[in-house]
Amino acid sequence: MHIAVLMLGFMTIAHPAWAEATKPVKLVVLGDSLSAGYGLAAQEAFPQKLQKALHAKGIAIEMINAGVSGDTVSGGRDRLDWSVPEGTDGVIVELGANDALRGIDPGVTRAALADIVQRLRARKIAVMLCGMLAPPNNGADYAARFNSIYPDVAKQFDVPLYPFFLEGVVADAKLNQGDGIHPTAAGVDVIVGKIMPTVEAFIGTIAEQRR
């Protein structure tokens, strides 16, 4: 009887911490067509497949796909307030491919990305950056200026960085749609598999800060 009472008391005391630990982490993927799921069924888009993979590992997550096809980093910044609702724990920023494709001044892209990070952190929302690389046809000087944006901003604000969102997929015809730019469902699977360790660490940091 005494043991049962003690155990009940322990469970009552421990429950709040347990409940907090298993409360779903609310994430938003703020992105462009690469995360919006261009050319794919809704369930094949990156945020949906990432959520499914996390659930399979027993990680409680609620995911919002805030990808807009054609968006630049500046476009993502301009819609930030309504794309990231109150109560969001973390944002995975996947933007920049359109900036590089259009040859937008890297200074403009850098300033917009820094603004996104600053504004989210001001709201006490954790941020993870997905890096992008400029295509070679933009020239070496442009590539050097553009490619340094993500590691520099990540270091400036001390936020986690996945260096290149399309790692393992870019230029592989079998993993891209006919346009050679957007991943197929199989390509999204490769992206999810490669980015998972960084995302898991990101979620772990968020969960730890709750405690």
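**View 1. Gly 168, a partly exposed loop residue.** In this predicted model, Gly 168 counts as partly exposed, with a relative accessibility of 38%. You'll find Gly 168 in the loop between S5 and H10. Look past its neighbours within four places in sequence, and Gly 168 is in contact with Leu 175, Val 190 and Lys 194. Take Lys 194: it sits 26 residues from Gly 168 in sequence, yet the C-alpha atoms of the two are 8.1 Å apart in space.

**View 2. Ala 171, with a positive phi.** Stay in the loop between strand S5 (161-162) and H10, and you come to Ala 171. Its phi is positive, about 70°, although Ala 171 is not a glycine. Most residues other than glycine have a negative phi. Is Ala 171 buried or exposed? With a relative accessible area of 76%, Ala 171 is exposed.

**View 3. Lys 124, also with a positive phi.** Now move to the loop between H7 and strand S4 (126-130), where Lys 124 has its place. Lys 124 isn't a glycine, but its phi is positive at about 65°. As for cover, Lys 124 counts as exposed, at 73% relative accessibility.

**View 4. Ala 126 in strand S4.** Strand S4 is the place of Ala 126. Which residues does Ala 126 contact, leaving aside its neighbours within four places in sequence? They are Asp 89, Gly 90, Val 91, Phe 202 and Ile 206. Along the chain, Ala 126 and Phe 202 are 76 residues apart, while their C-alpha atoms are separated by 8.4 Å. Both Phe 202 and Ile 206 are among the buried residues of H10, the helix shown in the next view.

**View 5. Helix H10 and its bend.** Helix H10 covers residues 185-210 and bends by about 50° at Met 196. A proline, Pro 197, follows within four residues of that point. Quite a few H10 residues are buried: Ala 185, Gly 187, Val 188, Ile 191, Val 192, Ile 195, Met 196, Val 199, Phe 202, Ile 203, Ile 206 and Arg 210.

View 6. Zoom in on Ile 195, which has its place in helix H10. How buried is Ile 195? Its relative accessibility is 0%, so Ile 195 counts as buried. Set aside the neighbours within four places in sequence, and Ile 195 is in contact with Phe 46, Leu 50, Met 128, Cys 130, Tyr 162 and Phe 165. Pro 163 and Ile 195 are 32 residues apart in sequence, with 9.5 Å between their C-alpha atoms.

View 7. Thr 109 lies in helix H7. Not counting residues up to four places away in sequence, Thr 109 touches Val 73, Asp 99, Ile 104, Phe 146 and Ile 149. Gly 96 is 13 residues from Thr 109 in sequence, and their C-alpha atoms are 7.4 Å apart in space.

**View 8. Helices H7 and H8 side by side.** How do H7 (residues 106-122) and H8 (residues 140-147) pack? Their axes are 9 Å apart and meet at an angle of about 10°, so H7 and H8 are roughly parallel to each other. H7 brings Pro 106, Gly 107, Thr 109 and Arg 110 to the contact, and H8 brings Tyr 142, Arg 145 and Phe 146. By type, that's three nonpolar, two polar and two charged residues.

**View 9. From H8 on to H9.** H8 also packs with helix H9 (residues 149-157), at an angle of about 20° and with the axes 5 Å apart. That makes H8 roughly parallel to H9. Here Arg 145, Phe 146 and Asn 147 of H8 meet Ile 149, Tyr 150 and Pro 151 of H9. The contact divides into four nonpolar residues, one polar and one charged. Arg 145 and Phe 146 take part in the contact with H7 as well as in this one.

**View 10. Stepping back to the whole chain.** The chain has ten helices and five strands. Of its 211 residues, 45% are buried. Among contacts with a separation of 6 or more, 77% are between residues 24 or more positions apart. The chain exposes about 10600 Å², and carbon and sulfur atoms supply 60% of that.

Definitions and conventions:
Residues are numbered from 1 along each chain as its sequence is written. This is a predicted model: local features need pLDDT of at least 70, side-chain atom pairs count only at pLDDT 80 or more; totals for chains, interfaces and linings use all residues. Side-chain values use heavy atoms; hydrogens and water are left out. Helices (H or I, at least four residues) and strands (E, at least two) are DSSP runs, numbered from the N terminus. Buried means under 20% relative accessible area, exposed over 50%, partly exposed in between (1.4 Å probe, protein chains only). Contact means heavy atoms within 4.5 Å. Accessible areas come from the Shrake-Rupley method with a 1.4 Å probe; for residues, only the protein chains shown count as cover. Axes are lines fitted to C-alpha atoms, for helices over the stretch in contact, and angles run from 0 to 180 degrees between N-to-C directions. Angles under 35 degrees count as roughly parallel, over 145 as roughly antiparallel, 65 to 115 as roughly perpendicular and the rest as oblique. Ala, Val, Leu, Ile, Met, Phe, Trp, Tyr, Cys and Pro count as nonpolar, Asp, Glu, Lys and Arg as charged, and the others, Gly among them, as polar. The bend at a residue is the angle between axes fitted to the seven residues ending there and the seven starting there.
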